[in-house]
Amino acid sequence: MNPSASNLRIALVGDRSPDVKAHAAIPKALALAAASTHCTVAETWLTTTTLADGVDGQLQGFHGIWCVPGSPYASMDGALNAIRCARENKVPFLGTCGGSQHALIEFVRNVLGKTEADHAESNPDAKLPLIAPLPCALREVETKIQLQPGSRADAIYGRSEISEPFNCGFGLNPEHEQLFRNTNLKITGTGDDGSARVVELNDHPFFIATLFQPERSAFNGVSHPLVAAFLKAAAA
């Protein structure tokens, strides 16, 4: 058990704004999950611009890193640097909405070596538009997701079908899904049309990214199992 397991420090990477509902929800979601897992949490918001030139020890001492919604980020490089830090240093990581999209970009660029992988929202002319507009934008809606049996997400939820809230217009480009077929980053949750909704990194203590926003359960006073699992991993 981590000596600081009862007093967790969580880095929230993103550009905080009062206009983003998820940003209001996340501190509440962490507090609810902390209460359900019998720990305390101190969150620190880190803007992407402060990480644009590298993490330089700014993420040292954190028990977990959450890349939050709100893209396009002020600095894509800042978000990617934080995700890479979490991935390479085995720091528990949660990416939601824009955070999940950039987790995919980081992996394809730095693990698969395809540095041209990009986000069509910030670079419409990308040579490899890994993240592209969804055929039908998921704006302020809740939809069903099928979880892969045996996946970490499936174990966390305890069931294979879930329903979660979205506020998203972009996702993994189906034309490039094959990039992940023989890698440790697996698509473990899909929508009704088979498109990616959840990804997990197998060779990592906890690395889960979701296109949906689990933090929104906090608006109903509910501790979300995924956020609770993230804190449990951070405390390990």
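Guide: In this predicted model, a residue counts as lining a pocket when it has an atom within 4 Å of one of the pocket's grid points.

Visitor: Which residues, then, line the second largest pocket?

Guide: Since that 4 Å cut-off decides membership, the lining of the second largest pocket consists of Glu142, Tyr157, Arg159, Ser163, Glu164, Pro165, Ser217, Asn220, Val222, Ser223, His224 and Pro225. About 180 Å³ of space lies in this pocket, and strand S7 (161–172) gives the most to its lining, with three residues.

Visitor: What makes four residues of that lining nonpolar?

Guide: Tyr, Val and Pro count as nonpolar, and the lining includes Tyr157, Pro165, Val222 and Pro225; therefore these four are the nonpolar members, beside five polar and three charged residues.

Visitor: How much space lies in the largest pocket, and which element supplies the largest share of its lining?

Guide: The largest pocket holds about 210 Å³ of space, and S7 supplies the largest share of its lining, four residues. Of the 17 lining residues, Gly70, Ser71, Cys97, Arg139 and Asn167 lie nearest the centre, while helix H1 (21–36) and helix H3 (98–110) each supply at least two residues as well.

Visitor: How do you know that the span of H1 agrees with its number of residues?

Guide: The 16 residues of H1, at 1.5 Å a residue, should span 22 Å, and because its end C-alpha atoms are 23 Å apart, the two values agree.

Conventions
Residues numbered from 1 in each chain as written. Predicted model: local features only at pLDDT ≥ 70, side-chain atom pairs only at ≥ 80, totals over all residues. Heavy atoms only, no water. 1 Å grid on protein atoms, 1.4 Å probe; cavity = no way out; pocket = protein on both sides within 12 Å on 5 of 7 lines; lining within 4 Å. Points joined across faces, edges and corners; volume = space filled by probe spheres on them. Expected span 1.5 Å × (residues − 1).
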